[in-house]
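This report describes a few local features of one protein model. It covers aromatic rings, backbone angles and a helix contact, in that order.

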Amino acid sequence: MEKDEFLNNVYKGLIVSCQALNTEPLYGSEIMAKMATAAKMGGAVAIRANYAQDIKAIKKVVNLPVIGLVKRDYDDSDAYITPTLKEVKEVVEAGAEVVAIDATDVLKPGGKTTAQLIKEIKENFDIMILADISTYEEAVKAQEAGADFVSTTMSGYTPYSPQLEGPDFKLMARLSQDLVIPVFGEGRIWTPEEAVKALELGVHAVIVGTAITRPREITQRFAKAVASVSNKE
């Protein structure tokens with residue numbers, strides 16, 4: 001899929017993140033494929049998925065573009081979203097149209113910078129790059145390094161980015177105004193109203209995961225709210 005086609009397909013739309021780690025109840029490629037099918041039926045324009053096996057399973061049943069990633073921990077780095085070329089290769093071979101990478105200032109395994117990783121991806125693979133950033137400065141660097149798009153995914157998940165309870169609307173607005181490449185709004189979007197606000201601020205599309213596809217976390221939010229009432233009595 002060419003970049004223009006992908007961007008047209010997802011413009012002002014909802015991308016649903018269908019992910020479950022091996023510590024979560026819904027872990028498993030068959031379950032994630034069904035989750036992606038449900039997301040498509042509900043109106044999603046693309047899917048974001050973790051692990052090569054999940055990407056492959058989703059591609060078999062859903063004819064939507066997939067933003068792929070592989071979350072993996074390394075002893076010498078705190079970056080875990082597709083942090084090396086090994087994970088990029090897995091995403092490419094699984095059939096994803098876009099690869100999402102950690103594009104924060106956190107050094108990748110082997111001491112590589114985001115710019116070095118993007119350069120190596122471009123040299124070795126034919127795939128679009130979505131740079132997951134946490135600050136304005138990181139987004140600018142990712143654009144300069146050759147990323148195709150940026151996403152506000154990591155805002156609040158690095159110690160030096162704003163620790164907000166909700167979406168980082170300020171970052172979304174500023175990046176949408178200043179960057180040349182498209183900006184995707186992601187991170188702690190819990191309601192349809194917040195998704196709409198992100199789009200109104202100028203992001204190309206919104207990515208929502210936990211609020212749609214992680215029932216444990218959704219239940220926790222309800223349980224916490226309910227408990228707060230009983231605690232007042």
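In this predicted model, the structure holds 4 aromatic pairs. One of them joins Tyr27 and Tyr51 in an edge-to-face arrangement, with 6.0 Å from centre to centre and 90 degrees between the planes. Tyr27 lies in the loop between strand S1 (14–18) and helix H2 (29–42), and Tyr51 in the loop between strand S2 (46–50) and H3, so the pair ties together parts that are 24 residues apart in sequence.

The partners of this pair can also be described by their accessibility. Tyr27 has a relative accessibility of 37% and counts as partly exposed. Tyr51 is buried, because its relative accessible area of 13% is under the 20% cut-off. Elsewhere, Phe6, Phe149 and Phe184 form one aromatic cluster.

Backbone angles are the next topic. Most residues other than glycine have a negative phi. Tyr51, described above as a ring partner of Tyr27, has a positive phi near 80 degrees, although this residue is not a glycine. Thr82 is not a glycine either, and its phi is positive at about 45 degrees. The table sets out the phi and the place of each residue.

| Residue | Phi | Place |

Is Thr82 buried or exposed? Thr82 is buried, since its relative accessible area is 0%.

Two packed helices are described by the angle between their axes and the distance between the axes. For helix H3 (residues 52–61) and helix H4 (residues 85–94), the axes come within 8 Å and cross at roughly 15 degrees. Angles under 35 degrees count as roughly parallel, and H3 and H4 are therefore roughly parallel to each other. Their crossing is right-handed.

Which residues make the contact? On H3 they are Ala52, Ile55, Lys56 and Lys59, and on H4 they are Glu90, Val91, Glu93 and Ala94. By type, the residues of this contact divide into 4 nonpolar and 4 charged, with no polar ones.

Technical notes: Residues numbered from 1 in each chain as written. Predicted model: local features only at pLDDT ≥ 70, side-chain atom pairs only at ≥ 80, totals over all residues. Heavy atoms only, no water. Axes fitted to C-alpha atoms, helices over the stretch in contact; angles between N-to-C directions. Helix = DSSP H or I, 4+ residues; strand = E, 2+ residues; numbered from the N terminus. Parallel < 35°, antiparallel > 145°, perpendicular 65-115°, else oblique. Left-handed = near helix turned anticlockwise from the far one by under 90°. Contact = heavy atoms within 4.5 Å. Nonpolar A, V, L, I, M, F, W, Y, C, P; charged D, E, K, R; others polar. Phe/Tyr/Trp six-rings, centres within 6.5 Å; stacked < 30°, edge-to-face > 60°. Buried < 20%, exposed > 50% of the residue type's maximum accessible area, 1.4 Å probe, protein only.
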